[in-house]
Each structure stands twice: as structure tokens, then as C-alpha cells.
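Visitor: I would like to learn how to read an interface between two chains, and I would be glad to be taken through it step by step.

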Amino acid sequence: MIRSFGYNEFLFLLSAVQWTLALSAIAFLGGATVGLFVALGRTSTIKPVRLATTGYIQIFQGTPLLMQLFLVFFGATVLGFDINPWAAAALGLTLNASAFLGEIWRGCIQAVPRGQWEAGSALGLRYPGLMRYVVLPQAVKIAVPPTVGYLVQLIKGTSLAAIIGFTELTRAGQIVNNATFQPFLVFSIVAALYFLMCWPLSLLSARLEQRYAARSR
Amino acid sequence: MALADDLKGTTVPRPMEKDVIIRMEGVQKWYDSFQVLKNIDLDVHRGERIVICGPSGSGKSTLIRCINQLERHQEGRITVNGVELGAHHRQLDVVRREVGMVFQQFNLFPHLTVLQNCMLAPLKVRGLPKAEAKAIAMKYLERVRIPEQADKYPGQLSGGQQQRVAIARALCMNPQVMLFDEPTSALDPEMVKEVLDTMISLAEDGMTMLCVTHEMGFAKSVAHRVIFMDRGEIVEQNTPEEFFTNPRSERTRTFLGQILSH
């Protein structure tokens with residue numbers, strides 16, 4: 001039975017937005033938490049730590065996100081874990097986001113002038129205090145615009161979770177299309193909904209960047 | 001220097017006189033294959049004020065940065081206040097607490113107010129309660145005559161004011177030695193005096209000071225000893241009177257000719 005695209009179909013797509021947002025939020029929070037340690041590892045003075053985190057970033061930046069999701073989803077099953085698409089998507093995106101955020105934040109940490117580290121060290125602050133009170137507060141200000149910008153990538157990236165069977169916006173679009181056979185209409189609406197999520201963030205990122213540039217001038 | 005000559009080629013540490021606060025023995029440092037410090041021997045006595053001068057790249061900044069280990073030396077021994085700087089963090093922590101440093105570029109923390117800049121180390125390194133850290137910070141901000149700026153951010157101050165805050169920030173740790181790394185070189189000319197005056201008043205209080213500076217007027221009036229470095233070596237050291245009127249080495253004469261002629 002072929003249904004035509006109507007109000008109910010639209011509502012179904014709209015309600016799938018919440019899963020896209022939820023998955024984005026979890027991946028962002030997880031990615032940020034792990035990413036902080038990746039960034040600290042990348043800027044560490046201990047060489048093995050630096051090499052390990054560099055390798056981590058290279059692997060996740062150098063392979064497609066879709067492969068990473070496959071590997072988490074099917075890999076967990078192979079290893080004997082019963083993993084549902086929710087958990088697989090959240091874990092895969094968290095790992096991926098942590099690599100990208102780690103690399104973005106590495107740059108921000110290194111953008112804090114050398115003299116700040118030296119002044120803190122000369123006052124007797126050790127690494128944890130130096131990071132917490134001197135370096136990271138300054139790095140955070142630099143990091144906000146590119147981090148918001150990355151959030152846009154992340155939201156769009158969640159669409160790949162559709163392929164491992166997680167019902168977010170893109171998967172909802174596929175389901176509606178299978179029932180209505182109106183791909184152009186359905187996927188236009190899906191794209192528009194993504195745009196409505198991402199566009200404000202892009203604007204915000206650009207605004208923050210301008211404000212930061214004005215302040216540091 | 002008879003003392004320095006005695007030391008050459010020996011590895012046995014000499015007995016330390018009680019008033020020696022910093023001792024460098026045979027200190028060597030390389031950046032890759034380039035040697036920046038060559039066999040540096042130096043004793044600094046408690047209350048002594050030393051000015052280190054020399055052409056750029058002579059290793060004078062590196063020398064004082066080795067004392068609090070912002071730069072690591074590869075060979076030789078550095079002892080500060082009875083603690084020998086080794087590989088271990090604990091010695092480094094002890095030494096850094098007792099040695100204050102003032103930088104050419106001030107290096108104030110831009111995200112903290114002047115008061116917070118001064119309170120940070122007493123709070124987080126010494127572990128003092130907040131009220132006490134604040135009282136100490138205000139005391140030293142008054143000492144450098146800038147207490148009214150306590151709630152401003154460094155970016156709102158002039159260069160001279162920032163450098164005086166940097167001096168106050170270092171003093172808040174109640175250090176036994178102060179290191180100055182070209183403290184007036186980044187300042188506009190009209191601001192040099194206020195910083196030098198602050199340093200002179202510190203000197204009058206008996207602070208042990210090592211200053212890398214090209215302010216020869218300051219050296220003449222404040223230093224007990226002037227050290228001239230060139231190519232990683234201490235070429236000459238003497239009282240300011242002797243140093244300026246009767247330099248012994250050719251390199252010193254050339255250097256003095258260059259900086260005093262303009």
C-alpha cells in the first residue's frame with residue numbers, strides 16, 4: 001500500500017529530529033570528555049603519551065566515520081557483546097568526535113603563549129595547576145568558535161548512524177520514503193531539517209570568531 | 001677570580017659558605033650541537049646584587065633561566081639555597097618557590113585581574129587561605145605603588161604598570177632570590193624609570209638579585225658585581241667601578257664601546 005506524504009509523515013520526521021539531537025549531544029559530551037585527555041596527551045612532554053594520542057587521532061581522522069561505526073557495531077558482536085544501534089552509534093561517534101576535538105584543542109592549548117607556561121612554572125605551579133588555572137582558561141576562549149563549528153560536522157555525521165539501523169532523522173526519511181515513494185520531497189524536507197539545526201550554529205560560530213578576533217586585536 | 005680557578009677540573013664540591021645562596025659549578029648547556037653555556041662557575045651570596053650583561057645570544061638569559069630550570073642544563077651542578085637541582089620534581093618545586101622571576105614580556109595572566117595574578121601562587125602553591133593571600137597581594141601591590149589597579153585586567157595597564165605587577169606577583173611568594181630577565185627591554189622609554197625605581201627599592205631592602213639588563217646606569221648604582229658574558233662564557237666579572245672604568249678583556253671593551261657610545 002502506497003501512502004502519500006501528509007501531515008503524519010511530516011510529524012514522524014519532525015519527531016526523529018529529537019533522536020538526531022540526542023545522539024549529537026551524547027557524542028559531543030563524550031567526545032569532549034575524551035577529547036580533553038587526547039588534547040592533553042598531544043601536548044604532553046612525555047613522548048610515548050604524545051605518540052599514542054597522535055596515532056589515535058590519525059586513525060580516526062584517516063578512516064571514514066561509516067567504517068568506524070561498522071567496526072564498533074559489528075566488532076562488538078564479534079567480540080561477544082550484544083550492542084544495540086543506540087550504543088554503537090553513541091560509542092562510534094564519541095570516539096570519532098574525541099579525535100577531532102582533541103586535535104582542535106591541541107592547537108588551542110599550543111596557541112597559549114610559551115611565556116604563560118613559563119610564568120606559571122616559575123611561580124612554582126606544577127602541571128595540573130598550570131593547566132587548570134593558567135593554560136586551559138586561556139585555551140578555552142580560543143577554542144569556542146572552532147568547537148561550535150565542529151558541532152555542525154557532528155550533527156551531520158549522526159546521519160550515518162542510519163546505516164547501522166539507528167532511527168534518527170535520516171533513517172526516518174528512508175522509512176517514510178519506502179512508504180510514500182516520494183524521495184525528492186521526503187529528502188528535501190530531511191535536508192531542510194538538518195539545515196535548520198546546523199545553520200544557527202554556523203552563524204554562532206562565525207559571530208564568536210569575529211568577537212574573538214576583535215578582542216585579541 | 002681565584003675561587004673560580006680553584007674549581008676548574010675538580011669534581012669534588014667545595015664546602016659551601018653559609019651565605020652562598022646560588023652556586024653553579026661547571027654548568028654546560030647545548031641546544032643540539034650549539035653550546036650556549038660553557039663551564040659556568042658562579043657563586044651568588046645572600047643579599048648580593050649582580051648584573052649580567054653581554055651581546056645578544058651570549059647565554060645570559062639562559063644562565064638565569066637555568067637557576068629555576070625553565071631551561072635544563074646538561075652538565076654541572078646548580079645548588080640553590082642548599083638544594084641541588086636534580087632530575088627530581090621535588091627539588092625543583094622547592095627551588096621555584098624560593099626564586100622569583102620577572103620576564104621581559106611581563107607574562108601576566110591576561111584572564112586574571114591584577115589581584116588574582118598576585119594571589120594565584122600563594123593560594124595554589126603555598127596553600128594559603130584566601131584572606132591571607134589577598135593581604136599579601138595587596139601588601140606587595142602597595143609596595144610597587146599600584147594598589148588602585150588591583151581589580152583591573154593586565155590588558156588595561158601600561159607596560160610599566162604591568163611589569164610592576166609582575167614584580168609584585170613574584171614577591172608574593174616571598175622569594176629569597178629574584179631573577180630579572182631584561183625587565184625593561186620591552187618597555188617604552190618613559191616607563192623604564194618606574195620599573196628601575198621599583199627594582200632599586202627592592203635592592204635597598206637587601207633582596208638578592210640577578211638582573212640581565214643593558215641598563216648600565218642601574219648596574220653602576222645598584223650592582224655589587226657586574227658579569228660580562230660572551231659566547232656562553234663568563235668573560236669578566238668585577239665591581240661596577242672597575243668594570244666600567246677598567247675593563248680587562250678586549251671583548252668587554254668592544255661591548256662597552258658599543259652600548260655606551262650612543
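Guide: Let us begin with buried area, the accessible area (1.4 Å probe) that two parts lose on being put together, summed over both. Between chain A and chain B this area is about 1600 Å², with carbon and sulfur atoms giving 64%. On the side of chain A, the residues that lose the most area to chain B are A:Ala122, A:Leu123 and A:Tyr133, which together make up 36% of what that side buries. This is a predicted model, in which local features need pLDDT of at least 70 and side-chain atom pairs count only at pLDDT 80 or more, while totals for chains, interfaces and linings use all residues. Residues are numbered from 1 along each chain as its sequence is written, chains are lettered from A and ligands numbered from 1 in the order in which they are written, and side-chain values use heavy atoms, with hydrogens and water left out.

Visitor: How many residues of chain A are in contact with chain B?

Guide: With contact taken as heavy atoms within 4.5 Å, 16 residues of chain A touch 21 residues of chain B.

Visitor: How many salt bridges does the rule find across this interface?

Guide: The rule asks for a side-chain nitrogen of Lys or Arg within 4 Å of a carboxyl oxygen of Asp or Glu, and across the interface of chain A and chain B it finds 2 salt bridges. A:Arg126 and B:Asp93 form a salt bridge through their side chains, at 3.0 Å from N to O.

Visitor: What box do the C-alpha atoms of chain A fill?

Guide: Taken along the principal axes, the box is roughly 75 × 50 × 25 Å.
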